[in-house]
Amino acid sequence: MDKETITPVRLPDPLPANAFDALPDEERNTEFIAMESRTYFQNVWANFRRNKLALTSLCFIVLMCVLAIAVPILSPYTYDGMDVQALNQLPSWKHIFGTDKFGRDIFVRVMYGARISLSVGFAAAGINLVIGVIYGGIAGYVGGKTDMVMMRVVDMLYSIPSLLYIILIMLVFGSNMFSVLLGICVSSWVGMARLVRTQVMSLREQEFSLAAEVMGASRTRILFKHLIVNSIGPIIVSLTLMVPSAIFQESFLGFVGIGISAPMSSWGTLANEARMVLNSYPIQIVWPVLSICLTMLALNFLGDGLGEALDPKKR
Amino acid sequence: MTEPILQVDNCHVWFDIKGGLFTKKQTVKAVNGVSLQVRAGETFGLVGESGCGKSTLGRAIVKLYRPTSGTIRYKRQDITALKGEQAQEYRKHVQMIFQDPYASLDPRMTVSEIIREPMDIHDLYPRREREARVVELLQTVGLKPDHIRRYPHEFSGGQRQRIGIARTLALDPEFIVCDEPISALDVSIQAQVINLLEDIQKKLGISYLFIAHDLSMVKHISDHIGVMYLGHLVEIGPSRELYRHPLHPYTQGLLSAVPIPDPKRARERHRIVLDGEIPTPIDPKPCCPFATRCPKAMEKCFCAVPPSIQVDGRQVACFLYQEGGRAASEINIK
């Protein structure tokens, strides 16, 4: 060990006569907590900031959202404006991602696709959150026969192949964003409901929820103020995984050709269009696929980071 | 003699275990015909092994469980049937301190939110005064007002238990069920919490039902003690009497297991070692619950449940003392 770095504690010489006496009561501070006091959100932010990967992911997603809003407005090209003079061009300063077989600017189309993909993703996650949390929370908290019936309904929904009713919904409501969203949400809230139910079931036996009951808290209060708030970590994590899975599902629908109809574009339909010219212009498929991959990765990292930061026990 | 503030009469709390396809439906008789009285301002200690039903009884008193039969009367009013507003009113008077200070505080709430919650629920005090009241309560339990924005996990076990006590006091209760409030704490901290509970009792005149398995602590804090075994109260008496002359063979065995901090005296003492395990409370046989382990068991102990009788101003449920049998002192173990 480096000897110079150690500075020995210098005791006053000679020691005062009372050095070994007990401290008077006023000077004793056994209740002292060295850690500074911070509010919940300061705490969450401080935790989150330390996770560089999650922070980068957040920046990426914010950037993606800003671009998705701004690019189609500011760009000289529109998502459906064709240009016969410039078909299937490679990336250049004029068209930074190149153009497709109708001469449409791919950059604008990808960003326009981001609008649809991201809004489907976030909207689906939001709907799942509300339905799943309330449904699962009630099933888990009430328990007994109510729980039995509610969960069997969930099992039934889960067992129907989703493609089947998505196609049916498309037939009835037409292929627009609403029906895509509806199709995705019908089955995916089930996962959230199951998660919340198990969380609530284990938390409801904890003493703090019994304490709330003894205090006279209503069941709604216990469920929403104690049980669901305490399962917020897993909920957030599963929520951030739900966004990419909805984006992926939408892209998949677009890719198999039953999603958003042309000339509108989502990342899935863009990839599908690029697939048709894959042999001659492979560069065209890179952009939508890259967007899907990066967004999914970023959302996953963000979910992990948030789940950790939201836990007040971690600093 | 003053009127009892809480009177439990022949209380049973049974739980059904659902039978599966091939198993019969079974009943756990956690509390099986318990009667006791707690007077205003006094502490009633409830002792017994783990699983003997003392916590279940405590929870029935704060209306977490509904008794299968029997009554629990608080100030002459049967509380088992209370609903809605009356139940809320009852909750203001009767509160509970929990065993595990790590589990009984919501980890996502700050200390201020935790202590304020009961006031928010019952809409006590004007909104603005609640914060001041929280600070006051914190000081009552010996914590600093600047701890108010912190989360429970930042505190030590003893501090958390005091936060729990502050939360309980927020409603100004008259009766508190203490469900093993010290068993999860270090010995040095136990004394702190016990002293705090005693101070509060002196200051506010609260009655306690003190549930514990630490016999010396119970002796210290209680005026009366009840000994529970397998859902039955086998003996009730004033705490000093009960410690000096335990009547029921189970109480005798229990007390002989209390460590004595003096090796000389400890060596001289005759220890009663109870053989066997505590029987299961699932569908118990209709006999004395202690008969299987009792060193003095007689034939009739296996045939009927002994009724509780008065002996020397105490209540004992044991056939040894039935019908003027032997005098209490003869059977005592010196």
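In chain B of this predicted model, Val111(B), Ile114(B), Ile115(B) and Pro118(B) of helix H3(B) make contact with Ile163(B), Ala166(B) and Arg167(B) of helix H5(B). Sorted by class, the residues in this contact between H3(B) and H5(B) are six nonpolar, no polar and one charged.

The contact can also be described through the geometry of the two helices. Two packed helices are described by the angle between their axes and by the distance between those axes. For helix H3 (residues 111-122) of chain B and H5(B), the axes come within 7 Å and cross at roughly 30°. Angles under 35 degrees count as roughly parallel, and H3(B) and H5(B) are therefore roughly parallel to each other.

The phi angle of Asp172(B) is near 50°, which is a positive value in a residue other than glycine. Is Asp172(B) exposed, partly exposed or buried? A residue is buried with 20 or more other C-beta atoms within 10 Å of its own, and exposed with 12 or fewer. Asp172(B) has 13 C-beta neighbours inside 10 Å, so this residue counts as partly exposed.

Elsewhere in chain B, Lys75(B) can be described in the same terms. Its place is in the loop between strand E4 (69-74) and strand E5 (77-78) of chain B. Phi of Lys75(B) is near 50°, a positive value in a residue that is not glycine. Because Lys75(B) has 15 C-beta neighbours inside 10 Å, it counts as partly exposed.

The next topic is the meeting of the two chains. How many residues of chain A are in contact with chain B? There are 20 residues of chain A in contact with 25 residues of chain B. On the side of chain A that touches chain B, the elements giving two or more residues are helix H7 (207-215) and helix H8 (219-230) of chain A. H7(A) provides the largest share of that side, with seven residues. By class, the residues on this side of chain A divide into ten nonpolar, six polar and four charged.

Finally, the confidence of the prediction should be considered. Where pLDDT is low, the predicted coordinates should not be read in detail. Chain A has an average pLDDT of 83, and 91% of its residues score at least 70. Within chain A, confidence is lowest in helix H1 (residues 40-50), with a mean of 81, and highest in helix H3 (residues 106-142) of chain A, at 90.

Terms used:
Residues are numbered from 1 along each chain as its sequence is written. Chains are lettered from A and ligands numbered from 1 in the order in which they are written. This is a predicted model: local features need pLDDT of at least 70, side-chain atom pairs count only at pLDDT 80 or more; totals for chains, interfaces and linings use all residues. Helices (H or I, at least four residues) and strands (E, at least two) are DSSP runs, numbered from the N terminus. pLDDT is the predictor's confidence in each residue, from 0 to 100. Axes are lines fitted to C-alpha atoms, for helices over the stretch in contact, and angles run from 0 to 180 degrees between N-to-C directions. Angles under 35 degrees count as roughly parallel, over 145 as roughly antiparallel, 65 to 115 as roughly perpendicular and the rest as oblique. Two residues are in contact if their C-beta atoms, placed from the backbone, lie within 7 Å. Ala, Val, Leu, Ile, Met, Phe, Trp, Tyr, Cys and Pro count as nonpolar, Asp, Glu, Lys and Arg as charged, and the others, Gly among them, as polar.
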